[in-house]
Amino acid sequence: MNQSEGRWTTQQRNRGDRLARVQAALGGALDGKVVQAAHIVDLLNAVLEPGDRVCLEGNNQKQADFLGKALTKVDTGRVHDLHMLLSVLSLPEHLDVFDKGIASKLDFSFSGPQAGRLAKLAQAGKLNIGAIHTYLELFARYFIDLTPRVALVAAEMADREGNLYTGPNTEDTPAIAEATAFKSGIVIAQVNQIVDKLPRVDIPGDWVGYVVQSPTPYYIEPLFTRDPAQISEIQVLMAMMAIKGIYAEYEIERLNHGIGFDTAAIELLLPTYAASLGLKGKIARHWALNPHPALIPAIEAGFVESVHSFGSELGMEKYIGAR
């Protein structure tokens, strides 16, 4: 047996031991892969081991908030010194685990509203930063040297076999689940609903260890919603310059607009100013962007032909579904 085969066997044996602990601890509280919300802390106490590398899904928008809160309640005598992997430090519980001694090491991409608290914890020696990554680097390293032993993710729906439908907010869920499952880690998913039949299977049940229906829908951070009333005259002028001087000049058909009112101004001017320049069908036809309200006029005017989205935006689900 070579080294890689031996490592694989050890990982499989470790996974089996953890699943056996869960069965012994929860017993009748388990319905196949379905765990009742009231027993989620018991599940984490049984699954986790000191020093585990744990991914808690918390990206730009979708947050595995129910699982994050449950993680702050585990028995610190059993579970401690976890190595946390997070895309975005968005919620208080993302750092509560360090305050309580449940976790001690962190790899992440963006600290957001928790930046000040993060600095204080690091200064106090309660938190050791492994590295600050780009999103793509972090996701890629899940498959190489930062593979989670346990992954806590969020999805829209699950069936009783553990198949997941991620809905309009897929984000990085498939990458986390695949990387974890393929190295015999354990994926635990909080879902908004458990149903008999899914609209489609985004993550197969073979990759998922357990599912729990959260008492409340997972939290979504509204990121891309742009209020047109906040767009200034300067931003409108900049948008006109961008449309005529760049988009028209180079016939930009495929683009990704980031967050901000500058780009929102461009989107809103497509069916008016850009149309007056005869640019319909010549620019801004295909987008990589979360559908958001400021994009609606361009969609309705026929400027936008396709949108490849990373997630959704609050309030846009019905509009997207209708189109």
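Reply: Three bridges join strand β14 (residues 286-288) to β15, and the two run parallel. The model is a predicted one, in which local features need pLDDT of at least 70, side-chain atom pairs count only at pLDDT 80 or more, and totals for chains, interfaces and linings use all residues. Residues are numbered from 1 along each chain as its sequence is written, and side-chain values use heavy atoms, with hydrogens and water left out.

Me: Why are β13 and β15 said to stand at the edges?

Reply: The open sheet has three strands in the order β13-β14-β15, with parallel pairing. β13 (254-255) and β15 (306-308) each have a single partner strand, so one side of each is left without a neighbour in the sheet.

Me: Why is Ser90 called buried?

Reply: Buried means under 20% relative accessible area, exposed means over 50%, and partly exposed lies in between (1.4 Å probe, protein chains only). Ser90 has 12%, so it counts as buried. Ser90 is found in the loop between β5 (82-88) and α4 (93-99). Leaving out residues up to four places away in sequence, Ser90 touches Gln63, Pro113, Gln114 and Glu221, where contact means heavy atoms within 4.5 Å.

Me: How do you know that Asn192 is buried, and what does its side chain meet?

Reply: Asn192, in strand β10 (residues 186-194), has 15% relative accessibility and therefore counts as buried. A polar atom of its side chain lies 3.1 Å from the backbone nitrogen of Tyr218. Tyr218 is also one of the residues in contact with Asn192, including Ala155, Glu156 and Gln213.

Me: What makes Lys62 a charge over the ring of Tyr218?

Reply: The rule asks for NZ of Lys or CZ of Arg within 6 Å of the ring centre and within 35 degrees of the ring normal. The charged end of Lys62 sits over the ring of Tyr218, 5.8 Å from its centre.

Me: Why is the pair of Phe182 and Trp207 called edge-to-face?

Reply: Rings of Phe, Tyr and Trp (its six-membered ring) pair if their centres lie within 6.5 Å; planes under 30 degrees apart count as stacked, over 60 as edge-to-face and the rest as tilted. By this rule there are three aromatic pairs. Phe182 and Trp207 are 5.4 Å apart, centre to centre, with 90° between the planes, so the pair is edge-to-face. Phe182 lies in the loop between α7 (173-181) and β10, and Trp207 in the loop between β10 and β11 (210-213), so the pair ties together parts that are 25 residues apart in sequence. At 47% relative accessibility, Phe182 counts as partly exposed.

Me: What makes a nonpolar core, and which residues have the most contacts inside the largest one?

Reply: A nonpolar core is a set of buried Ala, Val, Leu, Ile, Met, Phe, Trp, Tyr and Cys residues joined through side-chain atoms within 4.5 Å. The largest has 44 residues, and Met84 and Ile188 have the most contacts inside it. Helix α2 gives the most to this core, with six residues. In α2 (residues 40-47), seven of the eight residues are buried.

Technical notes
Helix = DSSP H or I, 4+ residues; strand = E, 2+ residues; numbered from the N terminus. Polar contact = N/O pair within 3.5 Å; in protein donor to acceptor, adjacent residues only side chain to side chain. Pairing = 2+ DSSP bridges.
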